[in-house]
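Please read them with the coordinates open.

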Amino acid sequence: MDKLKNIEFLRVFLISVIILLHTTAYGSWSLMKNFPEVPQLKFFHDTFIQSNNSVEGFFLIAGFLFIYTFKNQSIKDFIVKKYIRLSPVILFALIVCAIASLWHVIKLRFWDDILVVLLMNNFGYCFAHGTTPVLWFTSALFSGLLVYFCISNIKNVKVRKFLYIFLPLVSYGVLEYLQHGSFSSPHKNYLIFNVGFLRAVGGIGFGCLVGFLYKKFCGRILSLIYKILINLSEIGLLGFIVWWLIFPHKQYNCIFFVIAFALLLFLFSIKQGIISKLTDKNLWVKLGRYQYSFYVIHSVAGKILLGALWQNNADFVKFHPYCTISVIIITIILAGILTYHLVEKPCTGLLKQLVK
């Protein structure tokens, strides 16, 4: 099935702000965490601190694409397909971590990492953080998609529709009750579920609903007044999302971001507005293919640079913070591109051939 090029634009935008967030503002290897006395880094911290909600965008897109590309298959085939897609790059990243740990650049969590490779570290309940804690996302994504795949195979249509609506509402409702609208602390467990899993079930579920709406409205010819309203809505929603992710502001209830992104995702999918058409370019497909490798490898590259370079050259970071950030970003881009071409693409192709 053809790629939705403007959806790839959204993914490129989301991964860009996630990398900037983890590089400068948030996490154990971010510059702000290790060099809080540098005033320029305080600006980046304040700017990107809300960018963690980019993950909600990825969950929504995953749910939408699940419906957009859905085909009947066995649960075994579905699980194997997801492991082939997600695990090879994770295994490679953790091998790099293991090598770096020999020089004490990274502290390895070997037993935790076994669960990370198996996508079981945040499988409903957080069992392990792993050497690269950002990989909670891959496990939560896998478990969330598995939930909705099982729902899609329920023969009773009414039950299936009910669960598609009920589960995301309950997931976000629980987060609202427990964390008052904050989606932070994805590793935190509450009784039998953890925050990351609830975010995945909520976001993927909303994305599935967007997918159903797309199938209902795709191809319809709209009147001029509707097209004007869609154009205004696209501009307003995209502006709101950009403001939320890359401008300083106090924390609001994260469900506002989820609703705005879900609406924008729907408008982009039907391609009736000028922004969704302008971003419908092959460039975003070419760049979007790297986004998963970027996500998996970016924390590894950042940790290695911190342990091997920045901690031993603190004065350079203090006096040249912008140069430091540039080096990190360039390193992540190069590492992500190499990982895609040398690991993700060939391993995925090979494993698909082996399981046929």
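How many disulfides does the count come to? The count comes to 0 disulfides. Bear in mind throughout that this is a predicted model.

1. **Cysteines.** A disulfide is a covalent bond between the sulfur atoms of two cysteines. The cut-off applied here is 2.5 Å between the sulfur atoms. Take Cys-208. The closest cysteine sulfur belongs to Cys-150, and it is 12 Å away, too far for a bond.

2. **Surroundings of the two cysteines.** Cys-208 counts as buried, because its relative accessibility is 0%. Cys-347 counts as partly exposed, at 29% relative accessibility. Both turn up in helix contacts. Cys-208 is one of the α9 residues that meet α8. Cys-347 is one of the α16 residues that meet α5.

3. **α1 against α4.** Two packed helices are described by the angle between their axes and the distance between the axes. Helix α1 covers residues 5-24 and helix α4 residues 54-68; their axes are 9 Å apart, at an angle of about 155°. That angle makes α1 roughly antiparallel to α4. The crossing is left-handed. On the α1 side, the contact is made by Ile-7, Leu-10, Arg-11, Leu-14, Ile-15, Val-17 and Ile-18. On the α4 side, Ser-54, Val-55, Gly-57, Phe-58, Ile-61 and Leu-65 make the contact. By class, the residues of this α1 and α4 contact divide into 10 nonpolar, 2 polar and 1 charged.

4. **α8 against α9.** Helix α8 (residues 157-179) and helix α9 (residues 195-217) have axes that come within 8 Å and cross at roughly 140°. That makes α8 oblique to α9. α8 passes α9 in a left-handed crossing. The α8 residues in the contact are Tyr-164, Ile-165, Leu-167, Pro-168, Leu-169, Ser-171, Tyr-172, Val-174, Leu-175 and Gln-179. They meet α9 residues including Val-195, Leu-198, Arg-199, Phe-206, Leu-209 and Phe-212. Gly-202, Gly-203 and Gly-205 are also among the α9 residues here. The class count for the contact of α8 with α9 is 15 nonpolar, 5 polar and 1 charged.

5. **α5 against α16.** What is the handedness of the crossing where α5 passes α16? It is right-handed. Helix α5 (residues 75-101) and helix α16 (residues 321-355) pack at about 145°, with axes 9 Å apart. Val-80, Ile-84, Arg-85, Pro-88, Val-89 and Phe-92 of α5 take part. Their partners in α16 include Thr-339, Val-343, Glu-344, Thr-348, Leu-351, Lys-352 and Val-355. The contact of α5 with α16 has 9 nonpolar, 2 polar and 3 charged residues.

6. **Leu-20.** This residue is found in helix α1. Its relative accessible area is 23%, so Leu-20 is partly exposed. Setting aside neighbours within four places in sequence, Leu-20 is in contact with Ala-25, Phe-48 and Ile-329. Lys-318 is 298 residues from Leu-20 in sequence, and the two C-alpha atoms are 18 Å apart.

7. **Ile-241.** Is Ile-241 buried or exposed? At 1% relative accessibility, Ile-241 counts as buried. Ile-241 lies in helix α10, residues 224-246. With neighbours within four places in sequence left aside, Ile-241 is in contact with Phe-13, Phe-257, Ala-260, Phe-261 and Leu-264. Phe-142 is 99 residues from Ile-241 along the chain, and their C-alpha atoms are separated by 25 Å.

8. **Backbone checks.** Most residues other than glycine have a negative phi. Leu-119 is not a glycine, yet has a positive phi of about 60°. Leu-119 sits in the loop between α6 (110-117) and β1 (122-123). Leu-119 is buried, with a relative accessible area of 0%. Ser-185 also has a positive phi of about 60° although it is not a glycine. Ser-185 belongs to the loop between α8 and β3 (189-190). Ser-185 is partly exposed, with a relative accessible area of 34%.

Terms used:
Residues are numbered from 1 along each chain as its sequence is written. This is a predicted model: local features need pLDDT of at least 70, side-chain atom pairs count only at pLDDT 80 or more; totals for chains, interfaces and linings use all residues. Side-chain values use heavy atoms; hydrogens and water are left out. Axes are lines fitted to C-alpha atoms, for helices over the stretch in contact, and angles run from 0 to 180 degrees between N-to-C directions. Helices (H or I, at least four residues) and strands (E, at least two) are DSSP runs, numbered from the N terminus. Angles under 35 degrees count as roughly parallel, over 145 as roughly antiparallel, 65 to 115 as roughly perpendicular and the rest as oblique. A crossing is left-handed if the near helix is turned anticlockwise from the far one by less than a right angle, and right-handed if clockwise. Contact means heavy atoms within 4.5 Å. Ala, Val, Leu, Ile, Met, Phe, Trp, Tyr, Cys and Pro count as nonpolar, Asp, Glu, Lys and Arg as charged, and the others, Gly among them, as polar. Buried means under 20% relative accessible area, exposed over 50%, partly exposed in between (1.4 Å probe, protein chains only).
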